[in-house]
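Please view the sequence and the model shown here alongside the text.

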Amino acid sequence: MATKQTDDANFSADVLESDRPVLVDFWAPWCGPCKMVAPVLEELSEEYSEKISVVKLNTDENPQVTQKYGITGIPTMNVYVGGEVVKTVVGALPKQKLVRELEPFLG
């Protein structure tokens with residue numbers, strides 16, 4: 001698996017301190033749309049591994065980060081650059097649409 005799991009304890013090191021853009025997928029095991037977008041994110045993490053990291057955070061198991069970033073609906077995907085949220089995508093988008101949303105970080 002090219003995507004990486006993170007949690008409340010490791011979020012800062014895995015995401016905020018990264019030297020390249022990080023796409024964080026806020027998800028939960030019971031979420032149908034999350035399951036639909038998971039294979040798309042897996043493909044993106046492999047295809048663009050040189051440009052962006054893809055990290056998954058289970059919202060049920062990690063309430064601190066989930067609450068800090070105001071995640072109320074899932075799937076929500078935040079792009080972090082230099083420790084800051086620079087883009088938010090909500091919902092399970094088809095791959096082409098998601099790539100278009102992420103283009104500024106994939107070039």
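Lys56 is buried, at 9% relative accessibility, where buried means under 20% relative accessible area, exposed over 50% and partly exposed in between (1.4 Å probe, protein chains only). Asp25 is buried as well, with a relative accessibility of 0%. The side chains of Lys56 and Asp25 form a salt bridge with an N to O distance of 2.8 Å; the term stands for a side-chain nitrogen of Lys or Arg within 4 Å of a carboxyl oxygen of Asp or Glu. Because Lys56 sits in strand E3 (residues 53–58) and Asp25 in strand E2 (residues 22–27), the pair ties together parts that are 31 residues apart in sequence. Helices (H or I, at least four residues) and strands (E, at least two) are DSSP runs, numbered from the N terminus.

This is a predicted model, in which local features need pLDDT of at least 70 and side-chain atom pairs count only at pLDDT 80 or more, while totals for chains, interfaces and linings use all residues. Residues are numbered from 1 along each chain as its sequence is written, and side-chain values use heavy atoms, with hydrogens and water left out.

## Overall fold

The chain contains four helices and five strands. Their order along the sequence is β-α-β-α-β-α-β-β-α. The radius of gyration is 12 Å, close to the 13 Å that the globule rule gives for 107 residues, so the chain is as compact as a globular protein of that length. The radius is taken over C-alpha atoms, and the rule is 2.2 Å times the number of residues to the power 0.38. The C-alpha trace spans about 30 × 30 × 25 Å along its principal axes.

Of the 107 residues in the chain, 48% are buried. Among contacts with a separation of 6 or more, 71% are between residues 24 or more positions apart; a contact means heavy atoms within 4.5 Å. The chain exposes about 5700 Å², of which carbon and sulfur atoms supply 51%. Accessible areas come from the Shrake-Rupley method with a 1.4 Å probe, and for residues only the protein chains shown count as cover.

## Charges and salt bridges

The chain has 10 positive and 16 negative charges, and their mean positions are 6 Å apart. Lys and Arg count as positive and Asp and Glu as negative, whereas His and the chain ends are not counted. Each charge is placed at NZ of Lys, CZ of Arg, CG of Asp or CD of Glu.

Five salt bridges are present in the structure, including those in the table.

| Salt bridge | N to O distance |
|---|---|
| Lys56 and Asp25 | 2.8 Å |
| Glu47 and Lys95 | 2.4 Å |
| Glu101 and Lys87 | 2.7 Å |

Glu101 is partly exposed at 29% relative accessibility, and Lys87 is partly exposed at 25%.

The side chains of Glu47 and Lys95 meet in another of the salt bridges. Glu47 belongs to helix H2 (residues 32–47) and Lys95 to helix H4 (residues 95–106), so this pair ties together parts that are 48 residues apart in sequence. Glu47 is partly exposed, with 48% relative accessibility; Lys95 is partly exposed, with a relative accessible area of 24%. Glu43, Glu47 and Lys95 are linked in a network of salt bridges.

Glu46 is part of helix H2 and is exposed, at 52% relative accessibility. Its C-alpha atom is 25 Å from that of Trp30, 16 residues away along the chain. Ser45 also lies in helix H2, but is buried, with a relative accessible area of 5%. Apart from neighbours within four places in sequence, Ser45 contacts Ala2, Thr3 and Val54.

Lys51 is located in the loop between H2 and E3 and is partly exposed, at 35% relative accessibility. Leaving out neighbours within four places in sequence, Lys51 is in contact with Arg20, Pro21, Phe105, Leu106 and Gly107.

Pro75 falls in the loop between helix H3 (63–68) and strand E4 (76–81). The peptide bond joining Ile74 and Pro75 is cis, with omega about 0 degrees.
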